[in-house]
Amino acid sequence: MMDTNPGSREVDVAVTINGAQVRERVPARLLLSDFIRDVVGLTGTHVGCEHGYCGACTVIVDGDAIRSCSTLAVQADGSNIRTVEDLADGDQLTPMQQAFHENHAMQCGFCTTGFLMTLESVDSADYQDKERVVELLSGNLCRCTGYQNIVTAVCSVWGVDD
């Protein structure tokens, strides 16, 4: 008999998240963001628009920043995933996290994880002028800060004249 609801099918997904091996059987249509948050329990990855526009759900998969709300968990099978929980070493913030704090580059903080993961995925040497930094950040939406403090924070860490 033909399966009339292919979305109800389950698949095995095996990934490395923040250095830990994870293997779970999940619905074939489970989004990577839901896998990370609900199955693995890492809630630093935020889900905003659920269409890949806002960037709050950005994680790093095999070195590339991706939108986890528009990626199926099964598409990440066999991948190495980094989430915002992998950035700080205990209470020791990364230089970028510290710069966000010092420059008031966040208000509600909802978008911050996506910005941090986007920034973590690139080589700062490729973004050594303010216009390039602004262009990079344009893929993430923030409704609170007006971006200037975020740009200032990034420029302060990457040695770019603001």
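Buried means under 20% relative accessible area. The legends below describe close-up views of a predicted model.

**View 1. Leu119, a buried residue of helix H3.** Leu119 sits in helix H3, which spans residues 112-120. Its relative accessibility is 5%, so Leu119 counts as buried. Which residues does Leu119 contact, leaving aside neighbours within four places in sequence? They are Met96, Phe100, Leu136, Leu137, Val154 and Trp158. One of these, Leu136, lies 17 residues from Leu119 along the chain. The C-alpha atoms of Leu119 and Leu136 are separated by 8.2 Å.

**View 2. Helix H3 and its surroundings.** Eight of the nine residues of H3 are buried, so the rest of the structure largely encloses this helix. The buried set consists of Thr112, Thr113, Gly114, Phe115, Leu116, Met117, Thr118 and Leu119. What do the buried residues of H3 pack against? Their partners include three strands: S3, S4 (64-67) and S5 (80-82). Helices H2, H4 and H5 also pack against them.

**View 3. The crossing of helices H2 and H3.** The axes of H2 and H3 come within 10 Å. They cross at roughly 140 degrees. H2 and H3 are therefore oblique to each other; an angle over 145 degrees would count as roughly antiparallel. The crossing is right-handed. From H2, the contact uses Met96, Gln97 and Phe100. From H3, it uses Thr112, Phe115, Leu116 and Leu119. By class, the contact of H2 with H3 has five nonpolar residues, two polar ones and no charged ones.

**View 4. Gln97 in helix H2.** Helix H2 covers residues 95-102 and includes Gln97. Is Gln97 buried or exposed? Gln97 has 11% relative accessibility and counts as buried. Leaving aside neighbours within four places in sequence, Gln97 is in contact with Leu87, Ala88 and Leu116. Leu116 is also part of the contact between H2 and H3.

**View 5. The crossing of helices H4 and H5.** H4 is made up of residues 130-137, and H5 of residues 148-158. Their axes come within 10 Å and cross at roughly 125 degrees. That angle makes H4 oblique to H5. H4 passes H5 in a right-handed crossing. On the H4 side, the contact residues are Lys130, Val133, Val134, Leu136 and Leu137. On the H5 side, they are Gln148, Ile150, Val151, Val154, Cys155 and Trp158. These residues divide into nine nonpolar, one polar and one charged.

**View 6. The salt-bridge network of Glu10, Asp12 and Arg25.** Salt bridges link Glu10, Asp12 and Arg25 in a network. In the bridge between Arg25 and Glu10, the closest N and O atoms are 4.0 Å apart. Arg25 belongs to strand S2 (residues 20-27) and Glu10 to strand S1 (residues 10-17), so this pair ties together parts that are 15 residues apart in sequence. In the bridge between Arg25 and Asp12, the closest N and O atoms are 3.1 Å apart. This pair also links distant parts of the chain, with Arg25 in strand S2 and Asp12 in strand S1, 13 residues apart. How accessible is Arg25? At 49% relative accessibility, Arg25 counts as partly exposed. Glu10 is partly exposed at 39%, and Asp12 is partly exposed at 37%.

**View 7. The salt bridge between Arg82 and Asp86.** The closest N and O atoms of this pair are 2.7 Å apart. Arg82 is partly exposed, with a relative accessible area of 23%. Asp86 is partly exposed too, at 27%. The whole structure contains five salt bridges, and the bridge of Arg82 with Asp86 is one of them.

**View 8. Thr45, a buried loop residue.** Where does Thr45 lie? Thr45 is in the loop between helix H1 (32-40) and strand S3 (58-61). Its relative accessible area is 2%, so Thr45 is buried. Not counting residues up to four places away in sequence, Thr45 touches Ile36, Arg37, Cys57, Val59, Ser68, Thr83, Val84 and Glu85.

Conventions:
Residues are numbered from 1 along each chain as its sequence is written. This is a predicted model: local features need pLDDT of at least 70, side-chain atom pairs count only at pLDDT 80 or more; totals for chains, interfaces and linings use all residues. Side-chain values use heavy atoms; hydrogens and water are left out. Axes are lines fitted to C-alpha atoms, for helices over the stretch in contact, and angles run from 0 to 180 degrees between N-to-C directions. Helices (H or I, at least four residues) and strands (E, at least two) are DSSP runs, numbered from the N terminus. Angles under 35 degrees count as roughly parallel, over 145 as roughly antiparallel, 65 to 115 as roughly perpendicular and the rest as oblique. A crossing is left-handed if the near helix is turned anticlockwise from the far one by less than a right angle, and right-handed if clockwise. Contact means heavy atoms within 4.5 Å. Ala, Val, Leu, Ile, Met, Phe, Trp, Tyr, Cys and Pro count as nonpolar, Asp, Glu, Lys and Arg as charged, and the others, Gly among them, as polar. A salt bridge is a side-chain nitrogen of Lys or Arg within 4 Å of a carboxyl oxygen of Asp or Glu. Buried means under 20% relative accessible area, exposed over 50%, partly exposed in between (1.4 Å probe, protein chains only).
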